[in-house]
Amino acid sequence: MPKIVSIKGTRLSRVKKRWEENPNEEFFVEYFNKILKSDFLSGRSDSWKCFFDWAINPTNMQKVLEGNYTNDDNNWLDSLRNKPNDNK
């Protein structure tokens with residue numbers, strides 16, 4: 001994920017809102033670790049990688065928390081990308 005240069009304006013209000021929803025530092029450490037571990041979100045499987053504003057979007061956050069981007073052979077997102085499934 002690209003480094004954050006500043007948190008102002010809309011970005012700041014979104015960060016505050018996410019903190020109100022989950023006022024626990026450990027929650028965010030675990031959340032961003034999920035992103036770092038994901039081949040897709042970290043850019044290891046494609047040229048795209050998530051960025052901070054994408055990560056704090058509530059819809060995207062829910063998807064990450066539900067495991068939609070985990071490195072799993074049975075992950076529905078990987079099957080859409082035609083990733084081979086070694087478990088078949």
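## Helix α2 and its surroundings

F27, F28, Y31, K34 and I35 of α2 are in contact with N60, M61, V64 and L65 of α4 (contact: heavy atoms within 4.5 Å). The model is predicted, with local features needing pLDDT of at least 70 and side-chain atom pairs counting only at pLDDT 80 or more, while totals for chains, interfaces and linings use all residues. Residues are numbered from 1 along each chain as its sequence is written, and side-chain values use heavy atoms, leaving out hydrogens and water.

The axes of α2 and α4 come within 10 Å and cross at roughly 80°. That makes α2 roughly perpendicular to α4 (65 to 115 degrees).

Helix α2 covers residues 25-37. Its 13 residues should span 18 Å at 1.5 Å a residue, and the end C-alpha atoms are 18 Å apart, which agrees.

F28, Y31 and I35 of α2 are buried (under 20% relative accessible area; exposed is over 50%). Seen down the axis of α2, the buried residues fall within an arc of 60°, so they line one face of the helix. The face turned away from that buried side carries the exposed residues E25 and K37. The elements below are among those covering the buried residues of α2.

| Covering helix | Residues |
|---|---|
| α1 | 9-21 |
| α3 | 52-55 |
| α4 | 58-65 |

N68 is found in the loop between α4 and α5. N68 is buried, with a relative accessible area of 13%. The C-alpha atoms of N68 and S38 are separated by 9.7 Å, the two residues being 30 residues apart along the chain.

Notes
Helices (H or I, at least four residues) and strands (E, at least two) are DSSP runs, numbered from the N terminus. The expected span of a helix is 1.5 Å times one less than its number of residues. Buried means under 20% relative accessible area, exposed over 50%, partly exposed in between (1.4 Å probe, protein chains only). The arc is that of the directions from the helix axis to the C-beta atoms. Axes are lines fitted to C-alpha atoms, for helices over the stretch in contact, and angles run from 0 to 180 degrees between N-to-C directions. Angles under 35 degrees count as roughly parallel, over 145 as roughly antiparallel, 65 to 115 as roughly perpendicular and the rest as oblique.
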